[in-house]
Amino acid sequence: VAWAAYDAGVRLGVGYPGTPSTEILETFGAIGGPAEWAPNEKVALEVALGAAFGNARAMVTMKHVGLNVAADPLFTAAYTGAPGGLVVVVADDPGMASSQNEQDSRRYAIAAGLPVLEPANSQEAYSMTLEALELAERWSLPILLRLTTRVSHSKSMVVRQPPSEPPAVGFTRDIAGRVMIPGNARRAHRRLREK
């Protein structure tokens with residue numbers, strides 16, 4: 001996931017540490033990607049969303065229980081969109097190897113009306129991260145990339161693609177599309193369902 005984000009020109013990776021997701025942002029920073037930790041998952045998602053509002057490719061990482069903390073901005077981001085491309089990487093922990101409960105983040109994707117991709121191995125994690133960024137940009141939606149503990153901690157050979165040049169960054173003012181007062185939110189809800 002980290003190498004795919006790097007190769008795709010992700011301009012900001014933000015996260016909150018929690019096994020099995022911690023290594024993604026650590027690796028992204030170690031290989032030269034712009035990475036930063038946030039005080040919690042909600043802030044991480046809001047910072048990444050801000051970068052995506054500026055037309056920058058962004059990635060946010062957290063474990064499944066962190067998605068509970070980030071649920072408020074996730075549901076709103078489904079309405080506002082994220083023109084720069086935003087991938088929300090959520091690492092679920094089936095069997096609770098290192099977590100206080102067991103959750104299925106795919107249910108958040110259904111509830112928020114967002115696509116979710118679910119890789120089963122390292123190559124798919126790489127390829128689906130790239131695909132998630134493409135979908136995010138095409139539909140101006142956050143895309144969930146759901147990993148599990150076993151996929152997150154697996155190691156195998158991965159065939160990378162040549163690095164790509166991300167789109168130019170630049171903020172576009174869009175009050176009606178981003179300020180979710182009820183009148184704007186109702187229209188945004190209809191747009192999301194059409195997508």
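**Reading strands, burial and backbone in this model**

Me: Which residue in E3 is the bridge partner of leucine 12?

Reply: Alanine 58 is the E3 partner of leucine 12. Bear in mind that this is a predicted model.

Me: How many bridges join E1 to E3, and in which sense do they run?

Reply: Pairing of two strands takes at least two bridges. E1 and E3 are joined by four and run parallel. E1 also pairs with E2, again in the parallel sense, over three bridges. There, valine 14 has glutamate 36 of E2 as its bridge partner.

Me: What order do the strands take in the sheet?

Reply: Read E2-E1-E3-E4-E6-E5. The sheet is open, has six strands and pairs in parallel fashion.

Me: Are the faces of E1 covered or uncovered?

Reply: Check burial on each side in turn. Leu12 and Val14 are buried on one side, and Gly13 and Gly15 are buried on the other. Both faces of E1 are therefore covered, because buried means under 20% relative accessible area.

Me: What unit do E1, H2 and E2 make?

Reply: They form a β-α-β unit, and its hand is right-handed.

Me: What does threonine 22 touch?

Reply: Setting aside residues up to four places away in sequence, threonine 22 touches Pro17 and Trp37. Now look at its side chain. A polar atom there lies 2.8 Å from the backbone nitrogen of glycine 18.

Me: Which two residues does the cis peptide bond join?

Reply: Read omega. Between threonine 19 and proline 20, omega is about 15° and the peptide bond is cis. Proline 20 sits in the loop between strand E1 (12-15) and H2.

Me: What is phi at asparagine 55?

Reply: Phi is positive there, about 65°, although asparagine 55 is not a glycine. The residue lies in the loop between helix H3 (41-53) and strand E3 (58-63). Serine 140 also has a positive phi, near 50°, and is not a glycine. Its loop runs between helix H7 (122-139) and strand E6 (142-148).

Me: Why does asparagine 55 count as partly exposed, and why does serine 140 count as buried?

Reply: Apply the cut-off: buried means under 20% relative accessible area. Asparagine 55 is partly exposed because its relative accessibility is 22%. Serine 140 is at 19%, so serine 140 counts as buried.

Me: What surrounds valine 116?

Reply: Beyond residues up to four places away in sequence, valine 116 touches Arg106, Ala109, Leu144 and Arg146. Its relative accessible area is 29%, so valine 116 is partly exposed. Valine 116 and valine 89 are 27 residues apart in sequence, and their C-alpha atoms are 9.7 Å apart.

Me: Which strands does H7 lie across?

Reply: H7 lies across E3, strand E4 (86-92), E5 and E6. Against E6, H7 runs at about 160°.

Notes. Residues are numbered from 1 along each chain as its sequence is written. This is a predicted model: local features need pLDDT of at least 70, side-chain atom pairs count only at pLDDT 80 or more; totals for chains, interfaces and linings use all residues. Side-chain values use heavy atoms; hydrogens and water are left out. A polar contact is a pair of N or O atoms within 3.5 Å; within protein, one must be able to donate a hydrogen and the other to accept it, and residues adjacent in sequence count only if both atoms are side-chain atoms. Contact means heavy atoms within 4.5 Å. Helices (H or I, at least four residues) and strands (E, at least two) are DSSP runs, numbered from the N terminus. Buried means under 20% relative accessible area, exposed over 50%, partly exposed in between (1.4 Å probe, protein chains only). Axes are lines fitted to C-alpha atoms, for helices over the stretch in contact, and angles run from 0 to 180 degrees between N-to-C directions. A crossover is right-handed if, with the strands pointing away from the viewer, the path from the first strand over the helix to the second runs clockwise.
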